[in-house]
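Please examine the structure below before reading on.

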Amino acid sequence: AKERAAEVGISPAVMSFDLHPDTLVAGRPVLLLNDLRDRKDILRRCFGIEDVILAHFDETMMHMPWGVFVEDYLVRELGMEQGLPCSYVDDVLVDSDGFLWIATSGGGLCRYDGYELITFNSVSDPVLSSNFVRNILEDRFHRLWIASEGGLDILDLGTLKETDLGLAFPADAPLCSFITEDATGAIWAKFADTLYRIALDETGAPREVLTYANPYLDEVNHVFEDVDRDGSVWTRLDGGLYKIALGAGKNLEATRVLPSLELNPDTYVSDFLASNSSVWMATEDGLYLIHKRTGEWKQFVHNPADEHSLTQNFVSSLCLSPEGLLLASTLHGLNIYNPVADHFDRVGSNIFNCVKTSGDRLLLATENRGLLIADHIPGHFVHQAETANICLQGYIKALRLIGRCFSLLGNLT
């Protein structure tokens, strides 16, 4: 520790456990070969370590199942007890300034700076079009686009004031059910059966607004994403997958992709995620892995007899961990895809509406517990066939994150 600390220019410190962390897996205490004072003296005399952090695991944690430990101690909850106006969270975003934005269904939109929450709703200043916020995104001009049941609002992140871009949407169908940004910086928004593509100029003003109408878009829950990163979007129309892109005549045209994949006409597609040459598609009927080059695809579903299948068929959201692992949230827990074994490891059993990452942290939007913030579970969580093991790095991060897990004694003298 001392040599490594010198390499990176910091003071060396060692964490010592009052009760060995392996007992959390084994379920039994491990006899100590020396007491805490002896350990501190050995570290000081033999290794030159002055700073020692003592972590204490009580009897409750000693016999706690690994799954409960992960959910209760590696996870922080930002819910109504912490000031969130509503426990039902639909979307979450960390903006370019590092603020956390939480879109709720009924409580408006909240900004969290790590200490306090600021709420924007139908009676705040500025006023939102609705307290039921569907999803949010930050554009390239430091503005927050807010899709809600009352329409589309745009907030200047520097001033926290509303921005009017002079956009006109149908007054008789104000619900803006989904928004996304394509690779060119254009914003796509859906109202009723019409998809809008809003291209912005170098100042952030609307340069061109194109529309595409289709009766199959009239469903409330409908998503679309720029899978090919070329300024187009993929979406479901009827029972097929289509790519909507700029046509030769400066209009939006839909072209069928992957004709071999037939979905039920009313299947809800909740998310798309491009990963290398493949595309993951989340639906209410499971998860699809699509290989764009070959046109082959595979469906993953829940199997009650297989602990490595999806926790549930309704997959609500997708994202990649910092290591590139696929994370799939469902209405009954989180799933981590193992590409080597071609199966999933499961974490938790909450109703998750959305999963996103921010640095090393995992953000999970729930229907009944607000927002759960996990300190990088996937990279430090290993589920084996007969036993579960959480490596020491996971313990250290969890202890640093949750104050109740340990007693910090600092420099022992």
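In this predicted model, strand E25 is mostly covered, with five of its six residues buried. Here, buried means under 20% relative accessible area.

**Partners of E25**

Strand E25 spans residues 333-338 and pairs with strand E26, residues 343-347, in the antiparallel sense. Five bridges join E25 and E26. Within this pairing, Ile336 stands opposite Asp345 in E26, and Asn338 stands opposite His343 in E26. The two strands form a hairpin with four residues between them. In the turn of this hairpin, Asp342 has a positive phi of about 60 degrees.

Strand E25 also pairs with strand E24, residues 326-330, again in the antiparallel sense. Ala328 has Asn335 in E25 as its bridge partner. E24 and E25 form a hairpin as well, with two residues between them.

**A sheet of four strands**

Which strands make up the open sheet, and in what order? The order is E8-E9-E10-E11, and the pairing is antiparallel. Strand E8 (133-138) and strand E11 (161-162) are the edge strands, each pairing on one side only. Strands E9 and E10 pair with each other, and the bridge partner of Ser148 is Gly151 in E10. In general, strands of a sheet pair through backbone hydrogen bonds.

| Strand | Paired strand | Bridges |
|---|---|---|
| E24 (residues 326-330) | E25 | four bridges |
| E25 (residues 333-338) | E26 (residues 343-347) | five bridges |
| E9 (residues 143-148) | E10 (residues 151-156) | six bridges |

Key
Residues numbered from 1 in each chain as written. Predicted model: local features only at pLDDT ≥ 70, side-chain atom pairs only at ≥ 80, totals over all residues. Heavy atoms only, no water. Pairing = 2+ DSSP bridges. Buried < 20%, exposed > 50% of the residue type's maximum accessible area, 1.4 Å probe, protein only.
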